[in-house]
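The sequence and the structure are shown first.

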Amino acid sequence: QVQLVESGGGLVQAGGSLRLSCAASGASGRTMGWFRQAPGKEREFVARISVSSGLTYYTDSVKGRFTISRDNRKNTVYLQMNSLKPEDTAVYYCASSTLLASRDYGMYDYWGQGTQVTVSS
């Protein structure tokens, strides 16, 4: 069983930065991902990283602003978010996959409880 615990969300002004953390316990997956869900919208992919190779992949709207990274010794994945915009406001979820997953949330087996990110204009 894998447990994922996110932290680091909060309220920030547009243009500001936040760093989200996702601490994993239990068996480690092959891919770790970040998703987000805004009120009234479907959950959407943000970024993912291969646990072994460190290869990353981002959705277009966050490229150049967000960076996903991992510390395998701490079993923790991070999402550094810079130049935040009001449209980044959402609950952010960490997810783990036993596959070399991409943006399809159906490929992820375990999910955290989510952390709220609010960007004010």
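Strands here are DSSP runs of E covering at least two residues, numbered from the N terminus. The model is predicted. In it, the protein chain comprises 0 helices and 11 strands, and its radius of gyration is 13 Å, close to the 14 Å from the globule rule for 121 residues, so the chain is as compact as a globular protein of that length.

**Overall build**

- The C-alpha trace of the protein chain spans about 40 × 30 × 25 Å along its principal axes.
- Buried residues make up 43% of the 121 residues in the protein chain.
- Among contacts in the protein chain with a separation of 6 or more, 56% involve residues 24 or more positions apart.

- Strand 11 covers residues 115-120, and its side chains alternate between two faces.
- Strand 2 (residues 10-13) runs parallel to strand 11 and is joined to it by 4 bridges; V12 has V119 as its bridge partner in strand 11.
- Strand 9 (residues 90-97) runs antiparallel to strand 11, with 3 bridges between them; V91 stands opposite Q116 of strand 11.

**E6, a buried residue in strand 1**

- E6 belongs to strand 1 (residues 3-7) and has a relative accessible area of 4%. This value counts as buried because the cut-off is under 20%.
- The side chain of E6 reaches two backbone nitrogens: that of C94 at 2.8 Å and that of Q113 at 3.0 Å.
- E6 and Q113 are 107 residues apart along the chain, yet their C-alpha atoms are separated by 7.1 Å.
- Leaving out residues up to four places away in sequence, E6 touches a set of residues including S21, C22, W34, Y92, Y93, G112, G114 and T115.

**R65, a buried residue in a loop**

- R65 is located in the loop between strand 6 (56-58) and strand 7 (66-71).
- With a relative accessible area of 11%, R65 is buried.
- A polar contact of 2.8 Å links the side chain of R65 to the side chain of D88.
- Beyond its neighbours within four places in sequence, R65 is in contact with Q80, M81, N82, S83, L84, K85 and D88.

Definitions and conventions. Residues are numbered from 1 along each chain as its sequence is written. This is a predicted model: local features need pLDDT of at least 70, side-chain atom pairs count only at pLDDT 80 or more; totals for chains, interfaces and linings use all residues. Side-chain values use heavy atoms; hydrogens and water are left out. Buried means under 20% relative accessible area, exposed over 50%, partly exposed in between (1.4 Å probe, protein chains only). Two strands pair if DSSP finds at least two bridges between them. A polar contact is a pair of N or O atoms within 3.5 Å; within protein, one must be able to donate a hydrogen and the other to accept it, and residues adjacent in sequence count only if both atoms are side-chain atoms. Contact means heavy atoms within 4.5 Å. The radius of gyration is taken over C-alpha atoms; the globule rule is 2.2 Å times the number of residues to the power 0.38.
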